[in-house]
Amino acid sequence: MNYITDRKRVEGNGTARSGTAHHWNTKVSSIALAILIPAFIFTFGHILGGSHAEVTAYFSRPFPAIVAALTIIVGFLHYKNGAQVVIEDYSNGAVREVLLIGSICLSYAAIAVGLFALIRMAL
Amino acid sequence: MAEMNRGNPITDNTRGQRPLSPHLQIYRPQLTTITSILTRITGNALIVSALMIVWWLLAASSGPDYFAVADGVLRSWFGSLVLIGSLWAVWYHFLAGLRHLWFDSGRGLEIHMAERLGIGVIVGSFVLTALTVVVL
């Protein structure tokens with residue numbers, strides 16, 4: 001049982017009923033990506049074009065592997081938030097729910113696949 | 001009763017007859033609106049190359065044969081087109097995102113400043129793309 005008053009329960013949550021959490025998450029991930037994206041562009045761009053042996057050796061090294069892992073995690077979570085706003089702006093009802101669930105599941109799946117690949121190359 | 005409800009945003013049943021906000025196509029496209037929608041388009045379009053790169057990493061971790069397939073796709077003319085386009089998109093989204101963080105702090109919102117920042121984002125995205133291509 002929650003003894004908090006109704007007013008206290010809704011205060012600060014606005015019409016979205018989740019307050020500024022979405023905005024804050026997007027802001028934090030965008031700042032993280034401002035650092036990660038240039039690092040990822042130059043590490044990935046550097047090794048793209050290499051042979052299979054060169055690529056696996058490169059991603060066994062800490063810096064390229066950690067940059068790639070963080071970029072994939074933060075990037076797809078940032079995408080999940082951004083796609084949510086677009087879907088909520090342009091669709092309604094069941095279509096909206098299907099698109100939201102689809103984009104959220106796609107984001108987590110891509111993170112899992114990316115991390116699995118990086119761990120397998122690093123080990 | 002109807003008189004009482006008039007003007008109340010929830011119970012006024014004449015809401016439907018009120019003038020609508022002008023549709024998007026009535027407005028003249030402006031630098032601020034174009035740079036804004038491009039942020040959204042580039043951000044969402046990046047899902048294509050992001051998934052391609054994750055697939056490429058999975059293929060690399062699976063072995064030389066599968067890697068050859070994924071690497072062939074990424075380095076084909078179509079793959080290169082998508083990657084170069086995404087390179088521009090990610091730099092655009094990067095600069096536009098920094099501009100949004102600046103706006104968020106309550107700065108740069110005067111029209112002339114917002115437009116100058118908009119030009120900076122467009123020009124900067126092409127400059128950074130060219131620099132990246134030259135360096136890599």
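Colleague: Which hand does the crossing of α5(A) and α2(B) have?
Modeller: In this predicted model, helix α5 of chain A spans residues 93-122. Its axis and that of α2(B) are 8 Å apart, at an angle of about 35 degrees. The crossing of the two helices is left-handed.

Colleague: How many nonpolar residues are in the contact of α5(A) with α2(B)?
Modeller: From α5(A) come A:A110, A:V113, A:G114, A:A117, A:L118, A:R120 and A:M121. They meet B:A50, B:L51, B:V54, B:L57, B:L58, B:A60 and B:S61 of α2(B). Two residues of this contact are polar and one is charged, while the nonpolar ones number eleven.

Colleague: How far apart in space are A:A112 and A:T26?
Modeller: In sequence the two are 86 residues apart. From C-alpha to C-alpha, the distance between A:A112 and A:T26 is 21 Å.

Colleague: What is the orientation of α4(A) to α2(B)?
Modeller: Helix α4 of chain A, residues 62-90, packs on α2(B) with the axes 10 Å apart. The angle is about 140 degrees. Angles over 145 degrees would count as roughly antiparallel. The angle found here therefore makes α4(A) to α2(B) oblique.

Colleague: Which residues of α2(B) make the contact with α4(A)?
Modeller: The crossing of these two helices is left-handed. On the side of α4(A), the contact is made by A:I72, A:G75, A:Y79, A:G82, A:A83 and A:V86. By class it holds seven nonpolar, four polar and one charged residues. The α2(B) residues are B:R40, B:G43, B:N44, B:I47, B:A50 and B:V54.

Colleague: Which helix gives the most to the side of chain B that touches chain A?
Modeller: The contact between the chains takes 26 residues from chain A and 24 residues from chain B. On the chain B side, α2 (31-62), α3 (64-74) and α4 (77-104) each supply at least two residues. With twelve residues, the helix that gives the most is α2(B).

Colleague: How many residues of that side of chain B are charged?
Modeller: The side of chain B that touches chain A has 16 nonpolar residues and five polar ones. The charged residues there number three.

Colleague: Why is α2(B) described as oblique to α4(B)?
Modeller: Within chain B, the axes of α2(B) and α4(B) come within 8 Å. α2(B) passes α4(B) in a left-handed crossing. The angle falls between the ranges for roughly perpendicular, 65 to 115 degrees, and roughly antiparallel, over 145. The pair is oblique because the axes cross at roughly 135 degrees.

Colleague: What percentage of the residues of chain B count as buried?
Modeller: Chain B has five helices and zero strands. Among its contacts between residues at least 6 apart in sequence, 63% join residues at least 24 apart. Of its 136 residues, the buried share is 24%.

Colleague: What ipTM does the model score?
Modeller: Chain B averages a pLDDT of 89, and 86% of the residues score at least 70. For the model, the pTM is 0.87 and the ipTM is 0.91.

Definitions and conventions. Residues numbered from 1 in each chain as written. Chains lettered and ligands numbered in written order. Predicted model: local features only at pLDDT ≥ 70, side-chain atom pairs only at ≥ 80, totals over all residues. Contact = placed C-beta atoms within 7 Å. Helix = DSSP H or I, 4+ residues; strand = E, 2+ residues; numbered from the N terminus. Nonpolar A, V, L, I, M, F, W, Y, C, P; charged D, E, K, R; others polar. pLDDT = per-residue confidence, 0-100. Axes fitted to C-alpha atoms, helices over the stretch in contact; angles between N-to-C directions. Parallel < 35°, antiparallel > 145°, perpendicular 65-115°, else oblique. Left-handed = near helix turned anticlockwise from the far one by under 90°. Buried ≥ 20, exposed ≤ 12 C-beta atoms within 10 Å, placed from the backbone.
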